[in-house]
Amino acid sequence: MLGRRALVFLLVLMAIAAAFAVPQTSVQAASNVVVPGQIVLDPLPGTPAVGLPGDIIEVHPAEGVNIQSLQIVSILHGPYDLQIVGTEDGVVKAKIPDETVPDVYFLVVKSDKGDVTIPNGVWVMEKAPTVLRIAHGSDLHVTSGFKMGFVCGDYFQKSIPEILNYCKNPIGMHSYTAAESFMTYYAMTGIRGQNVINLIISTGDDVDTSGDQEGYKMFDKAILHATAAGTPLISIKGNHDHPPTYYSKYVGPRYFYRVIGDFLIIGLDSRGEERHPEMEQLQWMEDVLKSHPNKTVIVLVHHPFWYSTPDGNWGGTIKGYTAFDDNDWNALTKFVSWDWEGRNGEYDDIARYFLQMVEKYNIRLVLAGHIHRDKPVLYIDKNGNEHWFWTVTTTGAPDKTSNPPSEKDKARGYTTPSWYGSQVIYVYSNGTVEFPLAGNVLHEGISSLPVPQKFVVFRQEGLEGTAVQFFNELNESVSGPLVIKIPAGASVDPESTNITYEVVAEREIGGENYMLLNVTIPRGISQITAVTKKDTKPPEVSIGYITPSKPQPGQRFSVYISANDNVGIKTMKVQIIVGGKVVKELPAFSVKPSEVKATYFTEVDGVNATTFTIKAIATDFYGNTKEATYQVGTAATTKSTAETSNNEGKGICGPAAIVALAAVPALFLRRK
């Protein structure tokens, strides 16, 4: 028996190797491709250079790289050649041309080691802002693997059966979908749109696993879609980005600062298991503060400074203390997070030094994430100065308390609900901090805004077209700029588009074709397609396997489906058929929504039969449909496919891939 099991296990491993041979080869080949951080250390997609027309910006080349030329271009404007005016300590100084039209630009770098095109590379401002209108998200946890929750309206649950208790048509919120939705929404309401915000900020854990190179590419894709629409983004590193092997190649440096008119933004690195910046980094921070006096300062750091307040663990107000007084500091330490102070005060000097700088330089706002729930803290020092420490819930990960709390959450003591949230914060040049959309945030529970919870964007980029689907459950339509990547020669198909749109410009940048539109997204479900020709091809679909493979009556099981399309798959449904009658119909969701060719899954909360049929129904954005069936409980498992059009579709999974899929659930499991 053991020999047979070993043989089966060996065959599965061989099947996995055969099924995924091509992706592994392409990943290996990608390591030879020049990526942004191999040429430039700063700016990168998460840390744009900032300036006005005529200003000098700094470009930090990677070690041993000789920069030959610099150029900026956007979908609307440019290209403009930046004049290299000199080099100081290895840093290249370059002038933004006086005639540059304000926009957020790709930075095109040509060097002796290769060329790179960096989205969100240079933010050219029209004038120095008097108010920074910030859209704050955190803990996006983008992954090339599987990380998904399920939402509808205010509800959020961690499994399909749980969310189906609250609605029939939930939305699968993969971490990449959440990141895309967050950035797309705030780009639409940003500088070129409604001008509600003028800067997007992410406070770390941009990717779920620091070694996930593909995840960082996906994160950069989301950055591109937002910033190419005209609103810049600044991001910092979190503990899931540690060590910064790929972070420093795709997002930005460990720590940095940016001057934006009267504002100074300092991005810190609270590292991995250390959970706070080291003393050397804080000393660097004070040097930056000393050399930029009279600025309104905003600090970004992943791990929150405060654990509690006199009002409770949820947050609240701390008033009347100073970190410069020993007695006051001893009283304050009971409120400081162990991440900063240490369980036994072993990092006391670091925590105290940081708070002293907050008071000394009148730092008005400290933004954080990490704890996957909202925590507002207002620290009013002994001189009466207000310092906001705002921590936002996770914008992209399902690792938080459900809304309403599930029985599993309650059993673990988690009773305060959360959701996929973000926040809009206004900081004025005089230091005033406001939460204009949320109002009073000093209360227990959810104080963040329901974006992306109630504004979800799915992008599908096929070989013959691009499709974008919107789920707008906010109380109003949303208008603003939208950027989509399209195949060469594609145009918007009005017959398959039900949003209001105007094509503003198209351009090829870095070998890819982009379209900039002004759109209005109505409430409800809507879509836009840009195709090379009308789509008449049905999707490709086949049911790979179920787990467990022989579920007992009433036992929960999962169904895994492989699918592909030339433009994009709009919906995937799974029906359970017993005795010729449909007894259940469930939605299925892509485990990799960044790609059209992907695996879909659903969870079935038991079937009271030993023999039944599973039917998967894939529908594309043109209404073309393909079906596949899977027989459970028969002497031999059988599968078949059918379609509603006369076009012949092909399944995308060969035998090796079908067998290998049986081992996929183990790959989805990861240590938190």
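Phe-435 counts as buried because its relative accessibility is 7%, where buried means under 20% relative accessible area, exposed over 50% and partly exposed in between, with a 1.4 Å probe and protein chains only. This is a predicted model, in which local features need pLDDT of at least 70 and side-chain atom pairs count only at pLDDT 80 or more, while totals for chains, interfaces and linings use all residues. Residues are numbered from 1 along each chain as its sequence is written, and side-chain values use heavy atoms, with hydrogens and water left out.

**Aromatic pairs**

- Phe-435 forms an edge-to-face aromatic pair with Trp-388, at 5.0 Å centre to centre and with 65° between the planes; rings of Phe, Tyr and Trp (its six-membered ring) pair if their centres lie within 6.5 Å, and planes under 30 degrees apart count as stacked, over 60 as edge-to-face and the rest as tilted.
- This pair links distant parts of the chain, 47 residues apart, since Trp-388 lies in strand 21 (residues 386-391) and Phe-435 in the loop between strand 23 (433-434) and strand 24 (455-462); helices (H or I, at least four residues) and strands (E, at least two) are DSSP runs, numbered from the N terminus.
- Trp-388 also counts as buried, because its relative accessibility is 10%.
- A search of the whole structure finds 26 aromatic pairs, and one of them, Tyr-216 with Tyr-247, is edge-to-face at 6.3 Å centre to centre, with 80° between the planes.
- Tyr-216 lies in helix 6 (residues 213-227) and Tyr-247 in helix 7 (residues 247-250), so this pair ties together parts that are 31 residues apart in sequence, and both Tyr-216 and Tyr-247 are buried.
- One aromatic cluster is formed by Phe-146, Phe-150, Tyr-545, Tyr-560, Phe-589 and Phe-601.

**A lysine over two rings**

- Lys-400 lies over the face of Tyr-420, at 3.5 Å from the ring centre, where a charge sits over a ring if NZ of Lys or CZ of Arg is within 6 Å of the ring centre and within 35 degrees of the ring normal.
- Lys-400 also lies over the face of Phe-156, at 5.3 Å from the ring centre.

**Nonpolar cores**

- In soluble globular proteins, nonpolar side chains tend to be buried together.
- The largest nonpolar core here has 60 residues, and those with the most contacts inside it are Met-183, Tyr-186, Phe-455 and Phe-470; such a core is a set of buried Ala, Val, Leu, Ile, Met, Phe, Trp, Tyr and Cys residues joined through side-chain atoms within 4.5 Å.
- Helix 5 (residues 175-188) provides the largest share of this core, eight residues.
- Leaving aside neighbours within four places in sequence, Phe-455 is in contact (heavy atoms within 4.5 Å) with residues including Ser-181, Tyr-185, Met-188, Phe-470 and Ile-521.
- A second, separate core of 33 residues includes Leu-282, Leu-289, Trp-329 and Ile-350.

**The disulfide**

- A search of the whole structure finds one disulfide, defined as a pair of cysteine sulfur atoms within 2.5 Å.
- Cys-152 and Cys-167 form this disulfide, with their sulfur atoms 2.1 Å apart, and the link is left-handed, with -105° about the S-S bond.
- Cys-152 lies in strand 10 (residues 148-152) and Cys-167 in the loop between helix 4 (160-163) and strand 12 (171-174), 15 residues apart.
- Cys-152 counts as buried because its relative accessibility is 8%, and Cys-167 is buried with a relative accessible area of 17%.

**Backbone details**

- Most residues other than glycine have a negative phi, and most peptide bonds are trans.
- A cis peptide bond joins His-242 and Pro-243, with omega about -5°, and Pro-243 is placed in the loop between strand 14 (233-236) and helix 7.
- The peptide bond from Val-451 to Pro-452 is also cis, with omega near 15°, and Pro-452 is placed in the loop between strand 23 and strand 24.
- His-141, in the loop between strand 9 (131-137) and strand 10, has a positive phi near 50° and counts as buried at 1% relative accessibility.

**The whole protein**

- The protein has 14 helices and 39 strands, and buried residues make up 59% of its 672 residues.
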